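Good morning, and thank you for coming. Please look at the structure on the screen before I go through it.

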Amino acid sequence: MSYPAHVSNVSYCYDGSFRGFLCCIYESYARRELPAAVQPPEEGQVSLFGCREIPTSADRARRVAAGLRRLGGGVQGCLTSGFLADEPGKDLTLLRFARVCFENGPATVQMLGRAEVAEALALARRVDNESSKYIEFLRFEQRGEMLGAIIHPRHRILPLLRGHFCSRLPDEDFMIFDATHRMALLRRDRQVHYLRMQRYDPAPDAEEEDWQALWKRFFHALTIEERRNEACQRTHAPRRYWRDMCEMQGQKSATQPPQDVI
């Protein structure tokens, strides 16, 4: 069923949670309108448009979530990954995408000619690509009785790292600290928690430093000088990930490539 909507001059202001965002979708249908903006708290919620506070309701969020489940995994995956993006305006992009999906069904993800669909899929792809890179490049250190890692992602990708590392390290306690957004993924006693943290300082002991030295030695021993191609290396391991990779440390600058790597 189609629910025609008019473009309003009001901005939806919500609490920034995914449940709150689902309530924004509900509000858009209830009022049959497309808001001019959808603003979480981190965007300041200041605009030239009138602000309408959207309360978070568990019941309304469940109703919207049930409708999204009927649209299939492609739509759900796009919305959940896209919601983790740290880009201004992403909330409105995803709300418009959700409305198009409800109107056209699961096949919407194939309608790349629609601007709402193409923008939302591109947004989700950027988040998914970054999480895939961190799955490959994330480096743990032994810190006391648990493993620890610090990352500096552009997007809020910790929920996308959770499944991989919990299954990869089923018997380990670990923490991944997102220094960009001051959030941490903590797994302890087989329970997962998300924490707000201001900082997480590395404090490796002598044994950990020895392991890192061995890893660096192995990394450099693989070098074939005649085949060294720094441009190719930067393609496969972009520089912005190097600051969190122990094998890239010890250089004059964390953004400068080592002199003897593939």
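How many cavities of 30 Å³ or more does the count come to by this rule? The count comes to one. This is a predicted model, in which local features need pLDDT of at least 70, side-chain atom pairs count only at pLDDT 80 or more, and totals for chains, interfaces and linings use all residues. Residues are numbered from 1 along each chain as its sequence is written, and side-chain values use heavy atoms, with hydrogens and water left out.

A cavity here is a set of points, on a 1 Å grid over the protein atoms alone, where a 1.4 Å probe fits but cannot get out. Its volume is the space filled by probe spheres set on the points, which are joined across faces, edges and corners. For the largest cavity, that volume is about 30 Å³. Its lining (residues with an atom within 4 Å of a point) consists of Tyr134, Phe137, Leu138, Arg139, Ile150, Ile151, Tyr241 and Asp244. Two or more of these residues come from each of helix H5 (115–137) and strand S7 (146–151); such elements are DSSP runs, helices being H or I with at least four residues and strands E with at least two, numbered from the N terminus.

Strand S7 leads us to the sheet. Five strands form an open sheet of mixed pairing, in the order S6-S7-S8-S9-S10, where pairing requires at least two DSSP bridges between two strands. At the edges, strand S6 (141–143) and strand S10 (191–196) each pair on one side only. S7 and strand S8 (residues 174–178) pair in the parallel sense over five bridges. Gly148 has Met175 in S8 as its bridge partner.

Technical notes. On a 1 Å grid over the protein atoms alone, a cavity is a set of points where a 1.4 Å probe fits but cannot get out, and a pocket is an open set with protein on both sides within 12 Å along at least five of seven lines; lining residues have an atom within 4 Å of a point.
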